[in-house]
Amino acid sequence: MWQRTTLLQRFGSISLLLIVLLGLVTGLLLRGVLRDRTIEDAQRTAVSVAVVGVQSQLTPEDLARDFLPLPPERIAELDAAMGAAVTVGEAGEIGEVDGFVRIKVWNPQHWLVYSDNRALNGRWFPGDDALDDALAGEVTWEVTDLRSPEEFEERDFGELLAVYVPLRATEGRFAAPDDTSAPVIGASEVYLPWQPIAAAIARDTARLWAVLAIGLAVLYAGLYRLVSRASIRLRRQAAENDHLARHDTLTGLLNRRGFEEQARQRLQDGTRQAVLLVDLDRFQDVNDTLGHDAGDDILREVADRLTTFAGDGDVVARLGGDEFALLRSDVDLPAATALAARIGELIKQPVSTAGLDLDVSGSIGVTVSPDHGTDIGDLLRHADIAMYRAKEYRSGAEAYRAEIDHFSADRLELASEVRRAISERELCVFLQPQIDLRTGTVVAAEALIRWDHPTRGMVSPGAFMPIVETTDLIRPLTAFVIDEALRACAELDAAGVAIVVAVNLSAHNLTDAQLLPTVTRLLDEHGLPASRLRLELTESALLHDPTGATRVLTVLRDLGIGLSVDDFGTGYASLAYLRDLPVDELKIDRSLVVAAGQGGDDEALLSVCISLGHRLGLTIVAEGIEDAPTLHWLADAGCDLAQGYLTARPMPADDVQAWLAANAASTRELVLGERTVVTT
Ligand code: C2E
Ligand code: CA
Ligand code: CA
């Protein structure tokens, strides 16, 4: 702002200087022109005096008379004629420019042929340049006075304009002064009072200066107004740009930059500041399924709620995407945490958009200065970590604690590494065969992700999947696993081995609008029927959003894709609940499977699960089978499929064919042969 004012001021003074300069130059030029004009007028008068007074009374012969003054009677005649032809004013009262005060007629040899001052008649004078120029044929002038030697009894007329007019004659008659064809035979010198001429020049010049000054002043004022208006507009524009640079266009809230600036100002005076970082949960899903307009509606609504909720001193901002922030002064951590809880409740009110009432929720990270940082960068970063913690634990809000930081830093680093791993194709898919306990043959295989890390070696999913599952990375990762699993399935198919491949899904996959199109596209690409794919879902994934899950699962089942409840027995899912889900397989978790053959309550529970599962029409898979007695116990209990290290460890997908060639027979032997032994 300050800089722009100076800019206008600078323009003001520079243009003023230029205009004054322009005025001076123009004024001086015009004053010269004016003066020349006025003098030209006087000259014209002098010329007419010369023509009317002199040429009419004198003859060319009068001028040809060397040395000899005109006879007195001729002079008297001339005096009378001159007096009649022109006005002769008294000294001091000469007011008429038209009048002349003295006249002299020179012959070419500088003899004064006639002057109305008789004392001068018939005398010789050296003359000057102006006289010589006139005798050479030019009308010339000079400003002079007649304070000549006393002997000539000249009066003091003050300053005079002496105009020399050449006298020309041809064939014994005078010709016009500008008739250059006629030779110059003398010159007449007419003295006009200079003071009225000078006064006229001064008057006109003053007028000129006035007009010029007014004109330029008006020009300057107009120009200044124009520029200052433009500058106001520019300033307004700049202010607008400034506003845009600090605000979010969708919600009108401050953006990250604006927020950080305000926060920095507040942090400067050392007062306690609380930062609440709010991130909407599953916002991407809304965008994906209902479109960006619905997403925008939600963002605007949340912005409105936060603004209405915020107090006068609070700073509310949309930091980007679905991330909002609130800064409040003078609150301690407990108060800030309570505030976060209230904001969480506020956001939870359903939002109406696209004809639906959508459940919205947010995860909030809380930090306070100076405990969690003294600059806004640290406070936001720590709030981000706390917010992720809240997301992961679905706790709504979390205050930052140093203990979660280390983990979070690792987590963030790992997430970015996984991102890279996907693009660098460091991930690969292992398959673990599942054996039909009635026939002893491999009928299916579970796809298990592995990370072929450049320095850490083969990393198992337990080390990175929990993190991946909290980010959007889960989507491309799942698509990758399905793609690889189906590729392996198609290759085995081509080799005459028809198996089903099972792929694990996360809770987030169920809210992904892209899941169905991706699955159908991949089946299509690999030329496989839907029945060759089975998707495994954990109880917790199913319970996360039972209605939503049921909807998606129904579509998948209708496509012909097999659905399996994974890790059964670790959660709270009741068998009654399973009845309502469109699933066709139950995978009993290893923690329950180990009870096989042990007797006791757990073994009883395992039996019940198998028989009840069957009653519900589900295929029962036991996973994590590490020893033969367990395998056989399960086979006897009616379990359908077996998966575990005993029969096969997860192996690279490309190795399955060779493994089958080498192990199919011994596996069947293991399953059927020993069973025969047990049963006999
Ligand atoms: P899960 O779905 O329960 O997979 C079975 C896990 O048990 C696998 O561990 C497998 O290697 C292991 N396992 C198989 N047989 C035995 C056995 O006899 N004894 C014991 N102790 N373990 C056995 P893994 O491969 O480390 O996978 C761990 C978890 O990671 C999986 O549990 C699954 O929840 C998740 N996961 C793996 N791949 C994917 C994937 O592509 N997508 C998703 N969303 N999750 C995956
Ligand atoms: Ca599984
Ligand atoms: Ca499992």
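Hi everyone, let's start at the ligand: 22 residues surround ligand 1, and the closest are Gln432, Arg450, Asp566, Glu626 and Tyr645. Please keep in mind that this is a predicted model.

What makes up that shell? Nine of its residues are nonpolar, five are polar and eight are charged. Now the polar contacts. Aspartate 566 places a polar side-chain atom 2.9 Å from an oxygen atom of ligand 1, and for aspartate 567 the distance from a polar side-chain atom to a ligand oxygen is 3.2 Å. Arginine 590 has a side-chain N or O atom 3.4 Å from a nitrogen of the ligand. On its own, ligand 1 would expose 790 Å², and the protein buries 81% of that. Two elements give two or more residues to the shell, strand 15 (442-453) and strand 19 (562-568). Strand 15 gives the largest share, with four residues.

On to aromatics, where the whole structure holds three pairs. One of them is tryptophan 106 with phenylalanine 125, edge-to-face, at 6.1 Å between centres and 80 degrees between planes. This pair links distant parts of the chain, 19 residues apart, with tryptophan 106 in strand 1. Tryptophan 106 counts as buried because its relative accessibility is 4%, and phenylalanine 125 is buried too, at 19%.

Another pair, tryptophan 451 with phenylalanine 464, is also edge-to-face, at 5.4 Å and 80 degrees. Tryptophan 451 lies in strand 15 and phenylalanine 464 in a loop, so the pair ties together parts 13 residues apart in sequence. Both of these residues are buried. Thanks, folks!

Terms used. Residues are numbered from 1 along each chain as its sequence is written. Chains are lettered from A and ligands numbered from 1 in the order in which they are written. This is a predicted model: local features need pLDDT of at least 70, side-chain atom pairs count only at pLDDT 80 or more; totals for chains, interfaces and linings use all residues. Side-chain values use heavy atoms; hydrogens and water are left out. A residue is near a molecule or strand if one of its heavy atoms lies within 4 Å of it. A polar contact is a pair of N or O atoms within 3.5 Å; within protein, one must be able to donate a hydrogen and the other to accept it, and residues adjacent in sequence count only if both atoms are side-chain atoms. Accessible areas come from the Shrake-Rupley method with a 1.4 Å probe; for residues, only the protein chains shown count as cover. Ala, Val, Leu, Ile, Met, Phe, Trp, Tyr, Cys and Pro count as nonpolar, Asp, Glu, Lys and Arg as charged, and the others, Gly among them, as polar. Rings of Phe, Tyr and Trp (its six-membered ring) pair if their centres lie within 6.5 Å; planes under 30 degrees apart count as stacked, over 60 as edge-to-face and the rest as tilted. Buried means under 20% relative accessible area, exposed over 50%, partly exposed in between (1.4 Å probe, protein chains only).
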